[in-house]
Amino acid sequence: MPISKEQARELAKTFRDLSNQLGDFRFTNWGTLSPAQRQRIEDAEWTLLNYSSDFVTTAVGIALNDMLADLQALSDATTKAKEVIATIETVKDILKVTATLIALGGAIASQNPSAIASAAGDLFSTAKDVLGE
């Protein structure tokens with residue numbers, strides 16, 4: 001059964017918290033733990049922290065998959081940008097469109113779904129403004 005991005009984020013937080021608790025226990029009881037026990041607990045901390053990181057990655061992957069359903073919005077925005085670039089006559093307008101295209105490319109490269117959606121919306125809005133629509 002697949003998990004949701006919210007569930008993956010919650011798991012990530014839980015495993016990070018558990019790792020922190022183990023670390024607190026290890027340092028609080030440092031003097032009563034043998035070096036081998038301290039090492040086993042530290043190893044467990046890192047394992048849980050790595051799981052937390054993996055769950056964050058899972059959440060991002062799920063969010064990106066969800067975002068791909070909105071790929072049409074990206075396609076619409078970039079198509080509109082092509083239309084605008086073909087008709088732009090002023091440097092000011094080309095710089096405005098270029099800035100929003102760069103922001104979109106950066107958002108896509110960052111794999112941040114909310115940044116991608118925001119940048120696509122900004123690009124579409126800027127393109128419409130430049131076209132006077």
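I started with Leu 104, which I found in helix α4; helices here are DSSP runs of H or I with at least four residues, strands are runs of E with at least two, and both are numbered from the N terminus. This is a predicted model, where local features need pLDDT of at least 70 and side-chain atom pairs count only at pLDDT 80 or more, while totals for chains, interfaces and linings use all residues. Residues are numbered from 1 along each chain as its sequence is written, and side-chain values use heavy atoms, with hydrogens and water left out.

**Entry 1: around Leu 104**

Is Leu 104 buried or exposed? Its relative accessible area is 4%, so I noted Leu 104 as buried; the cut-offs are under 20% for buried, over 50% for exposed and partly exposed in between, with a 1.4 Å probe and protein chains only. Next I listed the contacts of Leu 104, leaving aside neighbours within four places in sequence: Leu 74, Thr 78, Ile 116, Ala 119, Ala 120 and Leu 123. Contact means heavy atoms within 4.5 Å. I also checked Asp 122, which is 18 residues from Leu 104 in sequence and 8.5 Å away in space, C-alpha to C-alpha.

**Entry 2: the whole chain**

I counted five helices and zero strands. Of the 133 residues in the chain, 26% are buried. Taking contacts between residues at least 6 apart in sequence, I found that 65% join residues at least 24 apart.

My next stop was α1, which has 24 residues and reaches 34 Å from first C-alpha to last, close to the 34 Å expected at 1.5 Å a residue; the expected span is 1.5 Å times one less than the number of residues. Its buried residues are Ala 8, Ala 12, Ser 19, Gly 23 and Arg 26. In helix α2 (residues 35-68) I picked out Glu 45, which counts as buried because its relative accessibility is 12%. Beyond neighbours within four places in sequence, Glu 45 is in contact with Ser 19, Leu 22, Gly 23 and Arg 26.

**Entry 3: rings and charges**

How many aromatic pairs does the structure hold? I found two; rings of Phe, Tyr and Trp (its six-membered ring) pair if their centres lie within 6.5 Å, with planes under 30 degrees apart stacked, over 60 edge-to-face and the rest tilted. Phe 15 and Tyr 51 are edge-to-face, at 6.0 Å centre to centre and 90° between the planes. This pair links helix α1 (residues 5-28) with helix α2, across 36 residues. Phe 27 and Trp 30 are stacked because their ring centres are 5.6 Å apart and their planes at 5°.

Phe 27 is exposed at 53% relative accessible area, while Trp 30 is partly exposed at 39%. I also noted Arg 26 over the face of Phe 27, 4.5 Å from the ring centre. The charged end of Arg 38 sits over the ring of Trp 30, 4.3 Å from its centre; the criterion is NZ of Lys or CZ of Arg within 6 Å of the ring centre and within 35 degrees of the ring normal.
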